[in-house]
Amino acid sequence: MNLPIITDPHFYAVAVPAVLLLGVSKSGFGAGFGSLAVPFMALVVSVPQAAAILMPVLLLMDLLGLAGFRRDFDRRLLRFLIPYGLAGTVIGALLFSVLPAHTVAGIVGVFTLLFLAQRLLFPPRAGDPPPSRAGGAVLTTLSGFTSFIAHAGGPPVNAYVIPLRLGPVVYTATMAYFFFVVNLSKWVPYAWLGLLDWRNMATSLVLLPIAPVGVWVGIRIARRIDPVWFYRFVYLGMLLTGLKLSWDGFIA
């Protein structure tokens with residue numbers, strides 16, 4: 001049986017760099033860049049189709065990330081984050097068919113830029129208290145929601161976790177476990193919505209071999225980079241993500 005994959009070369013010209021970028025982001029280095037994957041692929045396919053094609057790719061990347069950081073995560077923080085992230089995916093599943101994906105993209109983009117502006121204009125000081133748990137609950141729920149809609153869950157949860165000033169490896173491991181659970185929870189709703197068809201899944205299989213390359217590169221960098229530079233790259237990724245999502249949501 002011939003699998004009905006996408007054959008348009010323009011699709012792969014966009015999808016291959018998007019998967020590489022997603023892999024680097026899933027390793028923790030350049031966190032935020034991964035939110036660009038769906039907007040990039042949406043240049044050639046619809047947002048729901050791009051999100052569906054990336055589902056198996058995300059699963060493989062999540063498993064690779066867990067293997068690379070299996071002992072470094074913050075268990076206490078995860079116990080707080082995961083329930084709210086799952087609540088966000090439930091909301092996303094219920095609203096997916098009625099809320100335009102570009103509207104969600106624009107909202108996430110604006111929020112990301114506002115967070116970066118706040119960090120630059122009012123940088124945290126050593127004596128500043130950590131973010132409130134109530135704020136963290138809202139942001140993490142929003143992360144689960146935007147993750148379901150467009151695999152763009154990084155910026156909201158980063159707005160809560162980055163100010164906690166975790167070490168790069170602990171931050172990377174915690175985010176890897178968090179998004180593994182969130183992404184795993186999306187499979188049944190995606191199937192229920194009819195997004196996991198043969199064409200999307202076959203196309204995803206073509207892209208799967210690229211996934212380990214990005215994760216491997218990101219893991220090696222994350223374990224060697226200075227924390228100051230690590231978070232500079234995180235902020236750069238969030239800046240590019242915010243600009244791209246805002247453009248897609250409100251201008252394009």
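This is a predicted model: local features need pLDDT of at least 70, side-chain atom pairs count only at pLDDT 80 or more; totals for chains, interfaces and linings use all residues.
Reader: Let's start with helix 6. How many residues has it got, and how far does it reach?
Author: Helix 6 has 18 residues, and from its first C-alpha to its last it reaches 25 Å. That is close to the 26 Å expected at 1.5 Å a residue.

Reader: And how many of those residues are buried?
Author: 13 of the 18 are buried, so helix 6 is largely enclosed by the rest of the structure.

Reader: OK, on to packing. At what angle do helix 6 and helix 8 pack?
Author: About 50°, with the axes of helix 6 and helix 8 10 Å apart. That angle makes helix 6 oblique to helix 8.

Reader: Is the crossing left-handed or right-handed?
Author: Helix 6 and helix 8 cross in a right-handed way.

Reader: Which residues meet there?
Author: From helix 6 you have Thr140, Ser143 and Ser147, and they meet Phe178, Phe179, Val182 and Asn183 of helix 8. Sorted by class, this contact has three nonpolar residues, four polar and no charged ones.

Reader: New topic: where's arginine 165?
Author: Arginine 165 sits in the loop between helix 7 (154–161) and helix 8 (168–184). Its phi is near 55°, a positive value in a residue other than glycine.

Reader: And what does arginine 165 count as, in terms of accessibility?
Author: Partly exposed, because its relative accessibility is 45%, and that class lies between buried, under 20%, and exposed, over 50%.

Note on methods:
Residues are numbered from 1 along each chain as its sequence is written. Side-chain values use heavy atoms; hydrogens and water are left out. Helices (H or I, at least four residues) and strands (E, at least two) are DSSP runs, numbered from the N terminus. Buried means under 20% relative accessible area, exposed over 50%, partly exposed in between (1.4 Å probe, protein chains only). Axes are lines fitted to C-alpha atoms, for helices over the stretch in contact, and angles run from 0 to 180 degrees between N-to-C directions. Angles under 35 degrees count as roughly parallel, over 145 as roughly antiparallel, 65 to 115 as roughly perpendicular and the rest as oblique. A crossing is left-handed if the near helix is turned anticlockwise from the far one by less than a right angle, and right-handed if clockwise. Contact means heavy atoms within 4.5 Å. Ala, Val, Leu, Ile, Met, Phe, Trp, Tyr, Cys and Pro count as nonpolar, Asp, Glu, Lys and Arg as charged, and the others, Gly among them, as polar. The expected span of a helix is 1.5 Å times one less than its number of residues.
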